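Please keep the sequence and the coordinates at hand while reading.

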Amino acid sequence: MAILLINQIEKEILETLESKTVCSVMLTGGNSVISFYSQWSQYLENCLSHIIFYFGDERCVSPSSVDSNFFTVNKYLFNHNRNSELSQVYRIRAESDNMEAEAARYSLLLPNSIDILLLSMGHDGHIASLFPNSPALLETERKVVPVTGPKAPFKRITITPPVIQAAKQVYVLAIGEEKKCKYEEALLDPDDINSIPARLVLNRTWIFDLNQEIDVCPKS
């Protein structure tokens, strides 16, 4: 069970709501988060009306495609809209014919600093859709950009390093021994963001096992 992580995130949300009327939560996609979302959905309803959900990246497919991050979140976290009806959910319209325009539109929706950012690291060390050697890793101005990834679906829209670095609290899911080994590799040369983009968040809170105790890093 992911109850320790769920409790920690719920605590962060409630603490944020002590000083603000809403809490911004940016979600991640990928198969590795399905179990977590399925469990979290059972605890989420109490504060849904005070959360604004965003997405860190999206594949350029229909929102009804199994390759869509929105599809995954809607199915497992929002239980096919049962929960999302109680909250504000801003998805990336990555099926748009104009990726640049959609990236610009989504940028305008984002707050200056996300309260809680969830990321999942891929086996190659990518986070969001920031893959190794991606030009988007050099972005310093734009918050959201279109990119071409190394695997299908190739066309994607992703947040950039400025959004990640400005987030108040970041949880990085790297579930499994292979991803933990990638994290340990990243520690050997922490400044080489280009080869392992997850080095952007080495100083944030990492989750290698959904049953682990949560050692939370200080907020940004």
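The side chains of tyrosine 171 and glutamate 12 are joined by a polar contact of 3.4 Å. The model is a predicted one, and this distance is computed from its atoms. Tyrosine 171 belongs to strand S8, which covers residues 169–173. Is tyrosine 171 buried or exposed? Its relative accessible area is 0%, so tyrosine 171 counts as buried, the limit being under 20%.

The surroundings of tyrosine 171 are drawn from several parts of the chain. Beyond its neighbours within four places in sequence, tyrosine 171 is in contact with Leu5, Gln8, Ile9 and Glu12, with Ile116, Leu117, Leu118 and Leu119, and with Thr205, Ile214 and Val216. Valine 216 is 45 residues away from tyrosine 171 in sequence, while the two C-alpha atoms lie 8.6 Å apart in space.

Strand S8 is part of an open sheet of 6 strands, ordered S4-S2-S1-S5-S8-S9 and paired in the parallel sense. At its edges are strand S4 (88–89) and strand S9 (205–207), each of which pairs on one side only. Strands of a sheet pair through backbone hydrogen bonds, and the pairing can be parallel or antiparallel.

Within this sheet, S1 can be followed on both of its sides. S1 and S2 run parallel and pair over 5 bridges; valine 25 has phenylalanine 53 as its bridge partner in S2. S1 and S5 are also parallel, with 2 bridges between them, and here the bridge partner of valine 25 is isoleucine 116 in S5. Further along the order, strand S2 (residues 51–55) is joined to S4 by 2 bridges, again in the parallel sense. Isoleucine 52 has glutamine 88 as its bridge partner in S4.

How many of the 5 residues of S1 are buried? The count is 5 of 5. In a regular strand the side chains alternate between the two faces of the sheet. For S1, Cys23, Val25 and Leu27 lie on one side and Ser24 and Met26 on the other, and both faces are covered, with all of these residues buried.

Serine 24 shows this arrangement in detail. It is found in strand S1, residues 23–27. Because its relative accessible area is 6%, serine 24 falls under the 20% limit and is buried.

Strand S6 (residues 144–148) and strand S7 (residues 155–159) are antiparallel and share 5 bridges. Threonine 148 has lysine 155 as its bridge partner in S7. S3 is joined to S7 by 3 bridges, also antiparallel. Threonine 158 in S7 stands opposite aspartate 57, and valine 145 likewise stands opposite threonine 158. S7 is mostly covered, with 4 of its 5 residues buried.

The loop between strand S5 (116–120) and S6 contains leucine 138. Here the accessibility is of another kind: leucine 138 has a relative accessible area of 69%, and is therefore exposed, the limit being over 50%. Leucine 138 and isoleucine 51 are 87 residues apart in sequence, and their C-alpha atoms are 30 Å apart in space.

The last topic is the largest pocket, which holds about 440 Å³ of space. Which elements give two or more residues to its lining? They are strand S3 (57–59) and helix H3 (69–76). H3 gives the most, with 4 residues. In total 25 residues line the largest pocket, and those nearest its centre are Gly29, Gly30, Asn31, Arg59 and Lys151. By class, the lining of the largest pocket consists of 7 nonpolar, 12 polar and 6 charged residues.

Terms used:
Residues numbered from 1 in each chain as written. Predicted model: local features only at pLDDT ≥ 70, side-chain atom pairs only at ≥ 80, totals over all residues. Heavy atoms only, no water. Pairing = 2+ DSSP bridges. 1 Å grid on protein atoms, 1.4 Å probe; cavity = no way out; pocket = protein on both sides within 12 Å on 5 of 7 lines; lining within 4 Å. Points joined across faces, edges and corners; volume = space filled by probe spheres on them. Nonpolar A, V, L, I, M, F, W, Y, C, P; charged D, E, K, R; others polar. Buried < 20%, exposed > 50% of the residue type's maximum accessible area, 1.4 Å probe, protein only. Contact = heavy atoms within 4.5 Å. Polar contact = N/O pair within 3.5 Å; in protein donor to acceptor, adjacent residues only side chain to side chain.
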